[in-house]
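Colleague: I'd like to learn how to read salt bridges in a protein model. Could you walk me through some?

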Amino acid sequence: MQEQLKELVKQAETDIQACVTANDLMNAKAQYLGKKSVLNGLFARMKELSPEERPAFGNMINQSRTQIEALLEIRSKQVKEQAWMNNSNASSYDLSMPGIESSRGGFHPLTIVRREIDEVFLSMGFEIAEGPDIDDDFHNFDALNTPADHPSRNLADTFYLENGGLLRTQTSTVQIRTMERYAPPIRIISPGRCYRNDKPDPSHSPVFHQVEALVVDKGISLGDLTDTLQQFASIMFGKKVGSRIRPHFFPFTEPSAEMDISCVVCGGSGCRVCKNSGWLEMGGAGMVDPNVFDILGIDSELYTGFAFGLGIERIAMLKYNIPDMRILFENDLKMLRQFKGELR
Ligand code: DAH
């Protein structure tokens with residue numbers, strides 16, 4: 001009897017080892033452990049034995065059963081693994097190959113330049129202030145000493161909203177919002193989006209970015225403005241770059257000026273980029289008009305201040321040699337990918 005069972009297990013082992021598919025295994029299981037299997041048949045014959053013989057006999061059958069089950073389980077694992085290998089063609093894997101780097105995004109050139117500008121001014125002791133893109137007449141015009149009939153208030157220039165608000169046309173709104181909330185001394189910059197009803201062309205876009213700067217304290221002079229401009233130009237574009245201011249007009253500054261830096265392309269000798277003038281326009285500036293202080297309840301006898309607004313697109317275009325402002329807003333992936341390495 002024992003011999004017969006040993007034979008059976010041996011035969012089962014050979015057959016199970018020969019199984020290649022899950023189906024083969026199912027058949028083998030039925031054959032060796034199923035209702036019509038030899039083992040089951042032997043179980044049925046237990047009643048022919050005397051009660052004393054039965055336990056030892058039962059034990060032997062159970063042992064064989066456990067062995068066959070173990071054999072089936074081992075082979076089943078192997079068959080599954082083989083199927084996975086075949087499926088995924090795993091045999092062609094080269095585990096020593098370096099991994100494929102997953103692609104990371106990069107920053108938009110305007111973001112890179114804005115962050116650089118932030119850093120320059122932070123290093124000079126400025127803080128960063130923010131204001132809303134959707135603002136109102138008071139902050140965008142009235143408090144900036146802009147007359148009611150000033151052309152910039154026109155629908156042709158300013159996007160008005162149905163609720164009476166507007167999309168700010170300049171970050172100078174943040175000067176007002178800062179002076180409303182904080183008493184001098186003030187030393188802030190405020191980078192942000194501005195909106196104007198302009199047709200897109202190589203140097204205009206209905207959405208663009210400015211960085212506003214405002215310094216208010218006792219004894220602030222025009223010299224502080226030109227000095228700050230020169231420091232900014234040197235850090236941003238290099239020590240050799242010069243700067244100057246020219247008289248201009250803005251309602252909220254007196255005197256007002258436009259700021260230039262010497263051409264970073266030709267060094268000032270004249271080229272296509274600076275239209276042979278040797279200078280590049282950076283934005284508007286001036287000494288805060290005492291009227292603005294008066295509107296906001298700041299003592300204009302005690303305090304003076306300077307302010308300026310820089311165009312971020314202009315700086316990005318100069319820095320990266322981008323000939324048309326629209327390129328910065330079309331977001332062509334081929335253009336954007338060139339800035340991927342410039343992560344900050
Ligand atoms: N807001 C002006 C503009 O958009 C630029 C400007 C001029 C900002 C003079 C200033 C300033 O802070 O003092 O054209």
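Colleague: What do the side chains of R326 and D324 meet in?

Modeller: Side chains of opposite charge can pair when their charged atoms come close. Here R326 and D324 form a salt bridge, at 2.7 Å from N to O. The term means a side-chain nitrogen of Lys or Arg within 4 Å of a carboxyl oxygen of Asp or Glu. This is a predicted model, where local features need pLDDT of at least 70 and side-chain atom pairs count only at pLDDT 80 or more, while totals for chains, interfaces and linings use all residues. Residues are numbered from 1 along each chain as its sequence is written, and side-chain values use heavy atoms, leaving out hydrogens and water.

Colleague: Is D324 buried or exposed?

Modeller: D324 is buried, at 16% relative accessibility, and R326 is partly exposed at 32%. Buried means under 20% relative accessible area, exposed over 50%, and partly exposed in between (1.4 Å probe, protein chains only).

Colleague: Which residue forms a salt bridge with D118?

Modeller: That is R114, with the closest N and O atoms 3.2 Å apart. Helices (H or I, at least four residues) and strands (E, at least two) are DSSP runs, numbered from the N terminus.

Colleague: Where do R246 and E281 lie?

Modeller: R246 is in strand β6 (residues 243–248) and E281 in strand β8 (residues 279–288), 35 residues apart. Their closest N and O atoms are 3.9 Å apart.

Colleague: How many salt bridges does the count come to?

Modeller: The count is 13.
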